[in-house]
Amino acid sequence: MGQVSTLPESEGRREACGVFGIYAPGRSVAPVVVDGLHALQHRGQESAGMAVSDGQAMVVMKDMGLVSQVFNDYKIAGLVGHLAIGHTRYSTTGSSSWHNAQPMYRNAGGSEFAVAHNGNLTNVEELAGAIGMLPGTATSDSDLMAELVGRELAMSDGQEDQGALVGALMRVLPQLQGAFSLVLADRDCLVGVRDPNGFRPLCLGRLDDGWVLASETPALDIAGAHFVREVEPGELLVIGDAGCESHRPWPPAKVQPKLCIFEFVYLARPDSRLYGQELHAARVRMGEQLAEQSPTSADMVVGVPDSGIPAAEGYSRKSGVPFGHGLVKNRYIGRTFIDPEPGKRALGVRRKLNPLREAIAGRRLVVVDDSIVRGTTTRAIVAMLREAGAKEVHLRISSPPYRWPCYFGVDTGTRSELIAADLEVGEICDYVGADSLAYLSLDALKKATGVAGAGFCDACLTGEYPVPVPLRQLRSTPEQPAREEPSGTTGDRPVPAPAAQ
Ligand code: AMP
């Protein structure tokens, strides 16, 4: 299966990103791109960028940092054009570099284009080998993709007509495997692509005077666009003078919708709509299902801000146990989850969350969160609540145990870093220090989405990957649960003694 050894090791890390594109003839769209990227900031906080075209030339501006750090009024004023794409990149371990900031830009024989990618390719090594790229020369899978399209464009003999980029994409896209929701632009047209599984979201919006593409619907809202529809898995949309045209680069047999179920659980904003469902309401239903499946006696239901709050509301509503605030989040601190050093991650939790002592002291708490991945954050939260005087802490998680690494755009590290990879629920409960722990079942999670019959990728929960994944990184498969790391040396996490029976 495809490996990623063509990339530096650190690039094997996954990233979930935000992408945005706009075509609005007669307008200067850069300020709208910045608004759209702000709405997608939760999908990526490492770097931000945009590429703008006025029909004559393309300008790219990108840098490390948050959207507000990369763009200011002065810089935005210098970005003139009616056509633009933008990107926010998820912070990952060891791969924070300007070169990996997006959009990726190429000038191929006079044809300029830029691409912004959300997802992760799984056949990087084959792709790089096929064009004779030496190991380490592509800085990321997105860079490799830009290279492939650029070479294809250059081979189309410097044609600069509007169809050149689309022609190159029609030839390159079927070679790619994995997850890719893309927005691209050349000097004249905006292109949106969703891989045949539609792992990552991408939606289409309409302006009075143009079109918008965005990872999530709140970015359409801020751009003043109304939602038209999701870009379909396996669809390529071309937006230009002729309007919006749909192309299908893949044969119908290849197209099988597998939207990441974690977009519903955690990744996407609660005010986003996916598969026609508003995610806040779906998350409340997850909490209701959790209360039905795993009731407990308690005085108060507390959600872990922000992602656990809707499910906590649902748990409270269904169980009748009052909902209350027990943790206050400092909104000026970024994500702690991905910090490579466990000590820093735990400290990061203290920086981000502080307990409301009067609300907590002496109380039996049901603490609801959306997921446990490594267990580090959860453990620190339980300890913090106990220090604040909680009498009991019953953890309820609104998704099933996260057991398998994601290869389709979420950075969760390797299998050895996932606490549920080979620990049972009781052992995890002991490790995080809770009085009890229960997870939502997969069936109940799907029911709570409101679209149980829709296509989902649930590989992180089941190990059933819809497309082949790089085995070197997988380290163990459902059929062969052999781990490279002996128990007890799984990164930062001590393996707890077996739970008492
Ligand atoms: P931990 O206990 O360290 O596994 O962290 C669990 C917390 O991480 C939960 O509050 C989740 O909302 C959050 N989380 C889950 N997946 C991700 C992700 N891909 N990136 C950042 N945070 C995440």
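Q: Is the crossing of α5 and α6 left-handed or right-handed?
A: Keep in mind that we're looking at a predicted model. Here helix α5 covers residues 141-155 and helix α6 covers residues 164-172, and their axes come within 9 Å. The hand of the α5 and α6 crossing is right-handed.

Q: What is the orientation of α5 and α6 to each other, parallel, perpendicular or oblique?
A: The axes of these two helices cross at roughly 120 degrees. Perpendicular would need 65 to 115 degrees and antiparallel would need over 145. That leaves α5 and α6, therefore, oblique.

Q: How many residues in the contact of α5 with α6 are charged?
A: On the α5 side you'll find Leu148, Val149, Glu152 and Leu153, and these meet Ala164, Leu165, Ala168, Leu169, Arg171 and Val172 in α6. Sorted by class, eight of the contact residues are nonpolar and none is polar. The charged count is two.

Q: How far apart are the end C-alpha atoms of α5?
A: α5 has 15 residues, and at 1.5 Å a residue it should span 21 Å. The distance between its end C-alpha atoms agrees with that, at 21 Å.

Q: How many of the 15 residues of α5 are buried?
A: Buried means under 20% relative accessible area, and the residues of α5 that qualify include Asp141, Ser142, Asp143, Leu144 and Met145. The rest of the structure largely encloses this helix. The buried count for α5 is therefore twelve.

Q: Which elements do the buried residues of α5 pack against?
A: Among those buried residues are Ala146, Glu147, Leu148, Val149 and Gly150. Their packing partners include the strands β5 (104-108), β6 (111-121) and β7 (178-186).

Q: At what angle do α9 and α10 pack?
A: Helix α9 runs over residues 279-293 and helix α10 over residues 309-319, with their axes 6 Å apart. The two helices make a right-handed crossing. Their packing angle is about 45 degrees.

Q: How many nonpolar residues does the contact of α9 with α10 have?
A: From α9 the contact takes in, among others, His280, Arg283, Val284 and Gly287, while α10 brings residues including Pro310, Ala311, Glu313 and Tyr315. By class, four of the contact residues are polar and six are charged. The nonpolar count is six.

Q: How far apart are the axes of α9 and α15?
A: α9 also packs with helix α15 (residues 442-449), at an angle of about 145 degrees. Ala282, Arg285, Met286, Gln289 and Gln293 of α9 make this contact with Ala444, Leu445, Lys447, Ala448 and Thr449 of α15. The contact residues divide into five nonpolar, three polar and two charged. The axes themselves are separated by 8 Å.

Q: Which residue just after α14 takes a positive phi?
A: Helix α14 spans residues 425-432, and its buried residues are Glu427, Ile428, Cys429, Tyr431 and Val432. Their cover includes α13 (376-387), β21 (392-397) and β22 (436-439). Just past the helix, phi goes to about 80 degrees at Gly433.

Q: Is Tyr275 buried, partly exposed or exposed?
A: Tyr275 sits in the loop between β15 (273-274) and β16 (277-278). Its phi is near 50 degrees, a positive value in a residue other than glycine. Buried means under 20%, and at 22% relative accessibility Tyr275 counts as partly exposed.

Q: Which residues does Ser28 contact, leaving aside its neighbours within four places in sequence?
A: Ser28 is in the loop between β1 (18-23) and α1 (30-39), and a relative accessible area of 43% makes it partly exposed. Its C-alpha atom is 9.1 Å from that of Ala77, which is 49 residues away along the chain. Setting the sequence neighbours aside, the contacts of Ser28 are Leu79, Val80 and Gly81.

Q: Which residue does a cis peptide bond join to Gln102?
A: Omega for this bond is about 10 degrees.

Q: What is omega for the cis peptide bond of Pro305 and Asp306?
A: Asp306 is in the loop between β17 (300-303) and α10. The cis bond joins Asp306 to Pro305, with omega about -10 degrees.

Key:
Residues numbered from 1 in each chain as written. Predicted model: local features only at pLDDT ≥ 70, side-chain atom pairs only at ≥ 80, totals over all residues. Heavy atoms only, no water. Axes fitted to C-alpha atoms, helices over the stretch in contact; angles between N-to-C directions. Helix = DSSP H or I, 4+ residues; strand = E, 2+ residues; numbered from the N terminus. Parallel < 35°, antiparallel > 145°, perpendicular 65-115°, else oblique. Left-handed = near helix turned anticlockwise from the far one by under 90°. Contact = heavy atoms within 4.5 Å. Nonpolar A, V, L, I, M, F, W, Y, C, P; charged D, E, K, R; others polar. Expected span 1.5 Å × (residues − 1). Buried < 20%, exposed > 50% of the residue type's maximum accessible area, 1.4 Å probe, protein only.
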